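Here is a short briefing to read alongside the model. Please keep the 3D view open as you go.

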Amino acid sequence: MLIHMVLSLLFSHFSTEPMASECQVLFDGIDIKSKLYRKEIAPSYFFSYTPAELKNELKTQNLLWVQAQVSRLETYDYLNLNIHVYSAKATDSYGSIEPQSKLIIKTIHGKSVELQSRSKSNPVSADDQTSYIYPVSYELDKSKIKRLLSEEIDLVGIQWSSGYEQYTVYEVDFLMNQLRCLNQ
């Protein structure tokens, strides 16, 4: 599954303007539970990270593998991440993501977009018992969306309870494409 997703991303079309057929919408309508309008773009690969000292040990797998999506609930927009940490010691190394923790997105022009987590994210043990998933959501206001639609991104920094760590993003137009799909 992971290999299929990575290969599809590698061979995907490189346009900065997604066509309607390229937008994979998971849901667009009235949510049965909340009775509110909801739209969700399908999650996909955002970035991954492995420290140099662990590259030989992990071989082809990354220490962190992040899947992301944007969504809308009524008039509020969100960036949702599922951060997969492939380590049995994830809770010791990273801890949790506390409410109002920062996610700092740096553009290729050096500008920063700062988001805050909506609630606490504790690691959830994956089926294999040797990895964890941190589901976390950040609210996107109109000014931040405007910046993310107009500039490609370079780095993403996550504030963990154990400290701040920054990651290089190679899918520089990921958020542009997701937000354009959300606005279609």
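The notes below begin with the whole chain and then go through it topic by topic.

This is a predicted model, in which local features need pLDDT of at least 70 and side-chain atom pairs count only at pLDDT 80 or more, while totals for chains, interfaces and linings use all residues. Residues are numbered from 1 along each chain as its sequence is written, and side-chain values use heavy atoms, with hydrogens and water left out.

**The chain as a whole**

- The chain has 5 helices and 11 strands; these are DSSP runs numbered from the N terminus, with helices (H or I) of at least four residues and strands (E) of at least two.
- Of its 184 residues, 43% count as buried; buried means under 20% relative accessible area, exposed over 50%, and partly exposed in between, using a 1.4 Å probe and protein chains only.
- Among contacts between residues at least 6 apart in sequence, 59% join residues at least 24 apart, where contact means heavy atoms within 4.5 Å.

**The disulfide**

- The structure holds 1 disulfide, defined as a pair of cysteine sulfur atoms within 2.5 Å.
- Its partners are Cys 23 and Cys 181, with their sulfur atoms 2.1 Å apart.
- The pair links distant parts of the chain, 158 residues apart: Cys 23 is in the loop between helix H1 (2-10) and S1, and Cys 181 is in helix H5 (residues 174-183).
- The link of Cys 23 and Cys 181 is left-handed, with -80° about the S-S bond, and both cysteines are buried.

- How many of the 10 residues of H5 are buried? The count is 9, so H5 is mostly covered.
- The buried residues of H5 include Phe 174, Leu 175, Met 176, Leu 179 and Cys 181.
- Helix H4 (residues 142-150) packs with H5 at an angle of about 120°, their axes 8 Å apart; axes are lines fitted to C-alpha atoms, for helices over the stretch in contact, and angles run from 0 to 180 degrees between N-to-C directions.
- That angle makes H4 and H5 oblique to each other, given that under 35 degrees counts as roughly parallel, over 145 as roughly antiparallel, 65 to 115 as roughly perpendicular and the rest as oblique.
- The crossing of H4 and H5 is left-handed, a term used if the near helix is turned anticlockwise from the far one by less than a right angle; clockwise would be right-handed.
- On the H4 side, Ile 145, Leu 148, Leu 149 and Ser 150 meet Leu 175, Met 176, Leu 179, Arg 180 and Asn 183 of H5.

- Leu 140 lies in strand S9 (residues 132-140) and is buried, at 6% relative accessibility.
- Not counting residues up to four places away in sequence, Leu 140 touches residues including Ile 145, Leu 148 and Leu 179, along with Val 70 and Tyr 78.
- The C-alpha atoms of Leu 140 and Ser 71 are separated by 9.7 Å, although the two are 69 residues apart along the chain.
- Arg 72, in strand S4, counts as buried at 15% relative accessibility.
- A polar contact of 2.7 Å joins the side chains of Arg 72 and Asn 183; such a contact is a pair of N or O atoms within 3.5 Å, and within protein one must be able to donate a hydrogen and the other to accept it, with residues adjacent in sequence counting only if both atoms are side-chain atoms.
- The side chain of Arg 72 also reaches the backbone oxygen of Leu 182 at 3.3 Å.

**Loop residues**

- Thr 50 lies in the loop between strand S3 (44-49) and helix H2 (55-58) and is buried, at 8% relative accessibility.
- The side chain of Thr 50 makes a polar contact with the side chain of Asn 62 (2.9 Å), and a polar atom of the Thr 50 side chain lies 3.0 Å from the backbone nitrogen of Leu 63.
- Most residues other than glycine have a negative phi.
- Lys 35 has a positive phi of about 65° although it is not a glycine; Lys 35 sits in the loop between strand S1 (25-30) and strand S2 (37-41) and is exposed at 60% relative accessibility.
- Glu 74, also not a glycine, has a positive phi of about 60°; Glu 74 is in the loop between strand S4 (64-73) and strand S5 (76-85) and is partly exposed, with a relative accessible area of 35%.
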